[in-house]
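Hello,

Here is the structure I said I would pass on.

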Amino acid sequence: MQLETLRLLGFGPGGWGFPLLSAAGVTVLAAIFGFALGSVLGVTGAYLKLSRHIMLRLIGQFYTTVLRGIPEILIIYLFYFGGSLWLTKIMNISGYDGFYSLPGFATGVIAVGVVSGAYQTEAFRAAFLRLDRGQIEAGVSCGMSRPLLLRRIIVPQTLHFALPALGNIWQSALKETSLLSVIGLTELLRQTGIAAGSTHQPLLFFSVAAAAFFLIGRLSGRLLRKVEDHMNKPWRR
Amino acid sequence: MDWLFIKDIFHQMLLGIPLTLQLTAISLLAGFVLACLVQAAVTSRHGLVRGPATAYVELFRGTPLLLQIFLIYYGLGQIGLLRQSFIWPFLREPYWCAVLALSLNTSAYTAEIIRGAVQAVPPGEIEAARSCGMSGLLLRRRIIWPIAVRHGLPVYSSEVIQMIKATSLASIITLNEITGITYRLASDTYRVIEIFTVAGAIYLALNFVVSMAFAILERFLNGHLADRRA
């Protein structure tokens with residue numbers, strides 16, 4: 001039994017080691033790209049929500065309310081099937097018949113990113129609001145230009161306040177990538193599902209996937225804590 | 001815009017709401033009871049009790065819910081002892097697998113919420129109660145729990161919303177709640193944009209009602225702070 005288990009998880013013939021490892025790579029990459037896209041959207045969203053114009057504020061509010069109130073899986077379905085439908089329509093109009101579906105990885109990254117962006121918007125907004133107004137005034141009175149003010153005062157402090165929340169959002173993004181298995185992306189969960197199906201060992205393979213997700217989350221969490229400590233230096237006494 | 005079609009799919013999706021709410025309510029209830037036990041174990045003085053409880057919380061918070069659902073739905077059947085036991089008729093059903101996975105998952109998150117809420121009770125209040133001679137259950141019932149509930153409620157309301165969203169994953173193991181019906185409609189008619197938009201609107205409405213209910217409850221519980229709100 002033990003030997004059989006080792007063989008199934010190993011890298012030899014009949015072993016699932018390589019497929020599982022590359023699937024774990026897909027999971028990590030999807031999470032990183034999704035989170036990065038979410039950061040861009042999050043900064044944009046925070047900018048909208050803090051804007052002076054009511055229209056921009058409303059757009060920001062709409063984005064965060066809708067994306068945080070709808071199950072992630074519906075968003076993934078909408079992006080994948082909706083996008084494929086559009087793609088097929090465009091291809092058919094331009095003379096290519098048949099059905100076209102979007103690439104799973106890119107669609108998945110966008111879906112994870114858009115959801116993550118909604119949560120990151122709140123993180124960045126709250127962090128910016130915690131920033132002491134006096135700091136900005138002091139910067140202005142020292143004659144700093146807007147870009148300099150942003151680079152030296154606003155960004156470092158906002159990032160420092162936002163980091164703990166961003167760490168949690170990263171963990172959710174990592175776990176959310178498992179939902180991309182439903183649109184056929186061969187990430188960790190789907191690959192272990194395939195392995196479980198063909199070997200009739202679901203308990204073993206899903207446990208391995210659980211361990212892998214747990215470890216990836218733990219390791220990245222530790223890494224983020226290091227960054228946090230580094231950013232904390234000016235605040236330490 | 002084909003309003004007749006939208007009205008038709010809307011009516012079909014409404015049929016999924018009872019199952020969604022049922023899954024949410026049962027899991028939240030079971031999860032809360034479990035969370036209280038887990039939380040008691042996590043704060044225990046004995047390492048043998050504390051260790052497994054902490055590991056439980058970390059494991060369920062650190063792995064995706066869909067994976068937990070698969071592990072229970074596909075994995076548990078492999079354990080021979082379980083197949084022969086009296087709970088197998090339940091665990092064979094996707095419904096109870098979903099309930100089990102959702103309950104265990106939310107219990108880990110709720111345990112953390114309870115921990116945070118209890119920790120937020122100012123030590124001075126507890127000292128004051130102790131110097132008045134309160135201890136044990138009386139101290140908890142009169143001082144710790146009422147303050148902790150007020151601290152934990154806002155966080156718990158977002159956990160409830162997360163749970164409503166999480167029940168959508170039950171559709172993957174064939175349950176016909178809102179998302180299950182939505183997916184079936186989408187693959188039957190392929191008018192995906194209308195269908196997923198309507199489904200999203202239903203979830204938004206549900207979550208709006210829940211967050212309103214919690215806001216009202218919070219207002220009610222914090223009545224003594226009304227003058228500070230203004």
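The side chains of B:Lys165 and A:Glu72 form a salt bridge, with 3.4 Å from N to O; the term stands for a side-chain nitrogen of Lys or Arg within 4 Å of a carboxyl oxygen of Asp or Glu. B:Lys165 belongs to helix α9 (residues 136-166) of chain B and A:Glu72 to helix α4 (residues 72-93) of chain A, so the pair joins two chains. Over all chains there are seven salt bridges.

This is a predicted model, in which local features need pLDDT of at least 70 and side-chain atom pairs count only at pLDDT 80 or more, while totals for chains, interfaces and linings use all residues. Residues are numbered from 1 along each chain as its sequence is written, chains are lettered from A and ligands numbered from 1 in the order in which they are written, and side-chain values use heavy atoms, with hydrogens and water left out.

Chain B has 12 helices and zero strands (DSSP runs numbered from the N terminus: H or I of at least four residues for helices, E of at least two for strands). Its C-alpha atoms fill a box of roughly 70 × 60 × 25 Å, taken along the principal axes.

In chain A, a nonpolar surface patch of about 410 Å² is made by A:Ile54, A:Met55, A:Leu58 and A:Ile59. Patch residues have over 30% relative accessible area and no salt bridge; like charges are joined within 9 Å, and nonpolar side chains (Val, Leu, Ile, Met, Phe, Trp, Tyr) within 5 Å. Accessible areas come from the Shrake-Rupley method with a 1.4 Å probe, and for residues only the protein chains shown count as cover. A:Leu58 is in helix α3 (residues 54-69) of chain A.

Regards
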